[in-house]
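Please keep the sequence and the model at hand while reading the points below.

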Amino acid sequence: YLKNFLGNSNKRIFLNEFSDFAAKESPELLAVSVYKARTPKPPILITIHRAYYCCTPQLEGNIYKVNLYQIIGNKNNFSIRDVTNIFGENSEGFEGQSEGQVFYKYKNIASIKEWLEVNYK
């Protein structure tokens, strides 16, 4: 299990838990970033997790999981709201060999922020 929290010296909020028992290696938190929209909407905390699969004839590569959270409030009094649903089916993906080469577009912060620029209004 990999558990993620957001907090400061006064407050700690549980974000998510990532586990994958079928993965060959322990899952990892690949990236964390904050996206600030040009509109008055709350900023979005972005997390990307990855787990590695291998050693089967049909499957070898990485599973990616993206989570999005609105950060509401200020540094002394904040809360989060899971808004991963706005990302739809893009929130999970596989890249590697699976009956041919498969690519996942949203495995880095830059590509997710590009998507948010267009779709988070």
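Which residues form one aromatic cluster? Tyr64, Phe87, Tyr104, Tyr106 and Trp115 form it. The model is a predicted one.

**Aromatic pairs**

- A search covering the whole structure finds five aromatic pairs.
- In one of the pairs, the ring centres of Tyr35 and Tyr120 are 6.3 Å apart and the planes stand at 70°; an angle over 60 degrees counts as edge-to-face, so this pair is edge-to-face.
- Tyr35 and Tyr120 are both buried.
- Tyr104 and Tyr106 also form an edge-to-face pair, with 6.2 Å from centre to centre and 75° between the planes.
- Residues under 20% relative accessible area count as buried; Tyr104, at 8%, is therefore buried, and Tyr106, at 9%, is therefore buried as well.

**The largest nonpolar core**

- The largest nonpolar core has 18 residues, and Ile46, Leu68, Ile112 and Leu116 touch the most other members.
- Strand E3, strand E4 (44-53), strand E5 (59-73) and helix H1 each supply at least two residues of this core.
- Helix H1 gives the largest share of the core, namely four residues.
- Beyond its neighbours within four places in sequence, Ile46 is in contact with residues including Ala31, Val32, Tyr35, Val66, Leu68, Ile109, Ile112 and Leu116.

**Helix H1**

- Ile109, Ser111, Ile112, Trp115 and Leu116 are the buried residues of H1.
- These residues lie on the same side of H1, because they cover an arc of only 165° around the axis.
- In an α-helix there are 3.6 residues a turn, so residues three or four places apart point the same way.
- The buried residues of H1 pack against E3, E4 and E5.
- On the face of H1 turned away from the buried side are the exposed residues Ala110, Glu114 and Val118.
- The N-terminal end of H1 is capped by Asn108, which has a side-chain oxygen 3.3 Å from the backbone nitrogen of Ala110.

**Two buried serines**

- Ser33 is located in strand E3, and its relative accessible area of 15% makes Ser33 a buried residue.
- The side chains of Ser33 and Lys113 are joined by a polar contact of 3.0 Å.
- Apart from residues up to four places away in sequence, Ser33 touches Ile44, Leu45, Ile46, Ile109 and Lys113.
- Ser91 lies in the loop between strand E6 (78-82) and strand E7 (92-98).
- With a relative accessibility of 9%, Ser91 counts as buried.
- A polar atom of the Ser91 side chain is 3.2 Å from the backbone oxygen of Gly88.
- Not counting residues up to four places away in sequence, Ser91 touches Tyr64, Lys65, Val66, Thr84 and Tyr104; of these, Tyr64 and Tyr104 belong to the aromatic cluster.

Definitions and conventions: Residues numbered from 1 in each chain as written. Predicted model: local features only at pLDDT ≥ 70, side-chain atom pairs only at ≥ 80, totals over all residues. Heavy atoms only, no water. Phe/Tyr/Trp six-rings, centres within 6.5 Å; stacked < 30°, edge-to-face > 60°. Buried < 20%, exposed > 50% of the residue type's maximum accessible area, 1.4 Å probe, protein only. Core = buried A, V, L, I, M, F, W, Y, C linked by side-chain atoms within 4.5 Å. Contact = heavy atoms within 4.5 Å. Arc of directions from axis to C-beta. Polar contact = N/O pair within 3.5 Å; in protein donor to acceptor, adjacent residues only side chain to side chain.
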